[in-house]
Amino acid sequence: EKWTDEYLSYHFDRSRVNRRHNKVMQEFDEIYHNVPKSDGHCQESVDNFFAFFNNKHWNLETMGDPPTMDNDFTFERWATHARYADAVSLDRSEMHYYWQSGVPRREREGPDEEQSMISLDLPSFADDEPNFISFNPKENKGIQCRFGERGVTAATHYDGGRNMVGMITGAKRYILSPPNQCANLGIVTSPKHPTFRHSLLNFGYINILDSEESEKMPDAEREWLELARTSLAIDTVLKAGEVLYIPSHWFHYIVSLQKSAQCNVRSGREYEGTEEW
């Protein structure tokens, strides 16, 4: 309930907007003026699919346009579009926007007066002592927060750290596959590739493989999707107030079912694995 659009806009946007005539912002100023501004940025995609890439390794001449672009949206502008996406059930082919934020590990190690809104509001994620959320604070990579609008889909990928995901508002669908399914998912395994650890396959297209709509699909993409739909997977819908554990190296493909806010922390790594997975 605390993370309203107005509250988040105050913490993300207050250096970019005029608060003088905004009563709500003035009220927040009285309470939170000593809390450092939170950093965040917005990405856009020509449709609902968002694939991570390392910008410094992306070659425009040989690879074409990257899958996503940064833009200059404020959080308030992003939230306005996200509410619109819910209201009209935004089609997957329309432009989509994804707000991203986070705090580095070093913030947790600094003095209390330097703690931003995310660290203050999520103490279990930022704690120096081991707890249910952060297993090994010494290997905590910081807190990552993702604000998705309806339809935003994050390409399947894996993380090395043990990952605890908390849904703050809204709901997301998570499709998980074990590490032994790597060869079926189109995962890029070269560390120097700009999409290392990720797949560029949009699994949403699996639903149209048997329809006429798929006739224009490139042969290579069709072959990969045919393989991907045979892979082992489980899925769940994570709702506000719920937490999901994603073990090290498990693949996850994420779909925002509505305007949502989710934060996660990765701490420590599982090295042994299991014979089954």
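This is a predicted model: local features need pLDDT of at least 70, side-chain atom pairs count only at pLDDT 80 or more; totals for chains, interfaces and linings use all residues.
Reader: Is H11 buried or exposed?
Author: H11 belongs to helix α1, which spans residues 5-13. Its relative accessibility is 1%, and the cut-off for a buried residue is under 20%. H11 therefore counts as buried.

Reader: Which residues does H11 touch, not counting residues up to four places away in sequence?
Author: H11 lies in helix α1. With residues up to four places away in sequence left out, the residues that H11 touches are Y32, V35, K37, S38 and M117.

Reader: How many residues of the contact of α1 with α4 are nonpolar, polar and charged?
Author: From α1, the residues D5, L8, S9, F12 and D13 take part, and they meet F75, E76, A79 and R83 of α4. By class, the residues of this contact are 4 nonpolar, 1 polar and 4 charged.

Reader: What is the phi of S89?
Author: S89 is placed in the loop between α4 (75-88) and β4 (96-103). With a relative accessible area of 40%, S89 is partly exposed. Most residues other than glycine have a negative phi. S89 is not a glycine, yet its phi is positive, near 50°.

Reader: Where is H249 located?
Author: H249 is not a glycine but has a positive phi of about 70°. Its relative accessibility is 26%, so H249 counts as partly exposed. H249 is located in the loop between β10 (243-246) and β11 (251-256).

Note on methods: Residues are numbered from 1 along each chain as its sequence is written. Side-chain values use heavy atoms; hydrogens and water are left out. Helices (H or I, at least four residues) and strands (E, at least two) are DSSP runs, numbered from the N terminus. Buried means under 20% relative accessible area, exposed over 50%, partly exposed in between (1.4 Å probe, protein chains only). Contact means heavy atoms within 4.5 Å. Ala, Val, Leu, Ile, Met, Phe, Trp, Tyr, Cys and Pro count as nonpolar, Asp, Glu, Lys and Arg as charged, and the others, Gly among them, as polar.
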